[in-house]
Structure formats: structure tokens, C-alpha cells
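Me: I would like to go through the terms used for this structure and see what each one rests on. Please set the values against the cut-offs.

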Amino acid sequence: MEAKGWVLAMAVVMAVAAVANADSSTPRLVKTVKGKKVCTKGWECAVWSKFCCNETITDFFQTYQFENLFPKRNSPVAHAVGFWDYRSFILAAAQYEPLGFGTTGGKMMGMKEIAAFLGHVGSKTSCGYGVATGGPLAWGLCFNKEMSPSQSYCDDYYKYIYPCAPGTEYYGRGALPIYWNYNYGAAGEGVKADLLNHPEYVEQNATIAFQAAIWRWMTPVKKSQPSAHDAFVGNWKPTKNDTLAKRSPGFGTTMNILYGDLVCGQGDVDSMNNIISHYLYYLDLLGVGREEAGPHEILSCAEQKAFNPSPKTAAS
């Protein structure tokens, strides 16, 4: 009877410990296959691979930190209550960690990249305002779709490559909102989901929404240009033309890549400063500290020429 009681007590202790450590990183399992070490790491890294033996995002970014960054996303006044969650983010990120997302340059750079990426996400999905409870930066992931679309966002110029599905609307959806049929088509190819015919997947599945956003972060708009990831972590080496256009590795250039002259090259505008503010705030919350973000000229794209000027800008 005493033995049974001891086993029961130990089971309770283990259960309590499991709950207490729910936010801690999942232990790696290691084995050798054909003389090479391979690992798995729970649901983040479920397939045996060499990559999984390395540090992954859950080693430094855990559930409680996600909650700290997005504390108001499930507030009753938010517009995507119950949609966004940590697990969906990690499942999406796991597809790109072997390509360097959050895993380039060591733990510090990994934390900075997560803060940078989510800084964009928080800014683009926020319903915060100046006197909002918790402050305007606490309301990231409030939206998962455009609330009052002004149009269907179908561009017939791309009808042979990305034809609009009958009755389908391509308004903004997702963590880095996707607009227009051609962007849904390209993103769908990237994440291997039929987003051209079913753009609603992005507002129905948080993993797909995060996955499409990370795909955009990791993918150059044109082959001759850097991805936001490469510009941020320093993989990209600017050309002379880039230097003349005041484009340099760092956070500022990620805005140039993602938004072009909608945000950049317009001086010290609110749209740019809002994104920067989210990034710096998230660095503080992650314990990295905003001083690690670098000088203003690295943070800003105020004077940068766009990689891909919009037609009206190019004409002027």
C-alpha cells in the first residue's frame, strides 16, 4: 500500500512538474543513423534530422513570451478572438527554421529576428490606439482580415498566371496581410496551399496565416534582391547602387522590401515609425533590449529609395 502511495505521489509530482515546465523547451532525442547524429524535438521538430540537433526557436521564445507580446489579442473587443496562438506560430516557423528563420547567427540574432518579424506582424494586425488599455503597442494580432474591403482586389493583368476564382475576393488577410490575386497565388505556391482558389484559408487557419507571412519574410520579391530575412541577419551584401540608394543591412531595409515606397523614402512618417516602435517594444519584452537594435539609420528607411518603386512613384 505504501509503495502504491509512493508511486501515486511521484505521479502527482511529475504531473505538476510537467505543467510548471510547459513553457520550457522540449528535450531533444538523439540517435545515430548511418554514422550521423540526428535528433527530434517534440512537435516543433517532429522529424528526425541533423538540423533538429541545433538550437531552435522554442529554446529562446516560449509561450509566456508570445503572450507578453500579444496580451490583448483575445480581448472581447479584438476582431480575431481565439484565432492566433503560439503553437500555430511555431508550427509555421518550423517549416523555415532549417532555412535560417530564427536560427541564423546564434541566440541573440535569433531573438532579434523573431522580434523584427513579429514587430511587422504586430504593427500590421493591431487595433491599438493612443489611449488603448495597455497602450497602443499591446494590441498586435487583433485582426486576421480586412474588416471593410473597398474592392475585390482582382487584377486581370495576371489572368493567365493567377486567374481570379469566380466569386472570390482577395482582400487583406493574414499576419502580414495578403492583398490581390497575384499575391495569393504566389504565397500559395510558397506554402503549398491553394490560396488562389481558397484565399479564405488564410483567415481560417492560423498556421497557414503565419506560414504565408514567414514565406514572405524569407522570399525575395525578385531574384536579384534580398529577402527581408537576408537583409536583417546580414546575409545580404549591398551593391554600390544600394549604397547610393541608402539601403543597408538592418531593420529599415526589411520595411523597404515588404512595403517599398508605401512606407519608405518619405521621411519620418507615422507608418514607418509605428513599425519601428513595435520592433523596439518587442525587443524590450523579450529581454534583449532596444539598444541592440542599432542606430537610427539602421532602423529607419526614411531616406531609402524603394527596391521596387510603385508605378506612380517611378513615373514621377
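Reply: Buried means under 20% relative accessible area, exposed means over 50%, and partly exposed lies in between (1.4 Å probe, protein chains only). This is a predicted model, in which local features need pLDDT of at least 70 and side-chain atom pairs count only at pLDDT 80 or more, while totals for chains, interfaces and linings use all residues. Residues are numbered from 1 along each chain as its sequence is written, and side-chain values use heavy atoms, with hydrogens and water left out.

Me: What makes α4 largely enclosed by the rest of the structure?

Reply: Of the 19 residues of α4, 15 are buried, so the helix is largely enclosed. Helices here are DSSP runs (H or I, at least four residues), strands are E runs of at least two, and both are numbered from the N terminus.

Me: Why are α4 and α11 called oblique to each other?

Reply: The axes of α4 (residues 106–124) and α11 (residues 270–285) cross at roughly 135° and come within 8 Å. Angles under 35 degrees count as roughly parallel, over 145 as roughly antiparallel, 65 to 115 as roughly perpendicular and the rest as oblique. The pair is therefore oblique. Axes are lines fitted to C-alpha atoms, for helices over the stretch in contact, and angles run from 0 to 180 degrees between N-to-C directions.

Me: Why is Lys 50 called exposed?

Reply: Lys 50 has a relative accessible area of 66%, so the term exposed applies. Lys 50 sits in the loop between β3 (45–49) and α2 (63–69).
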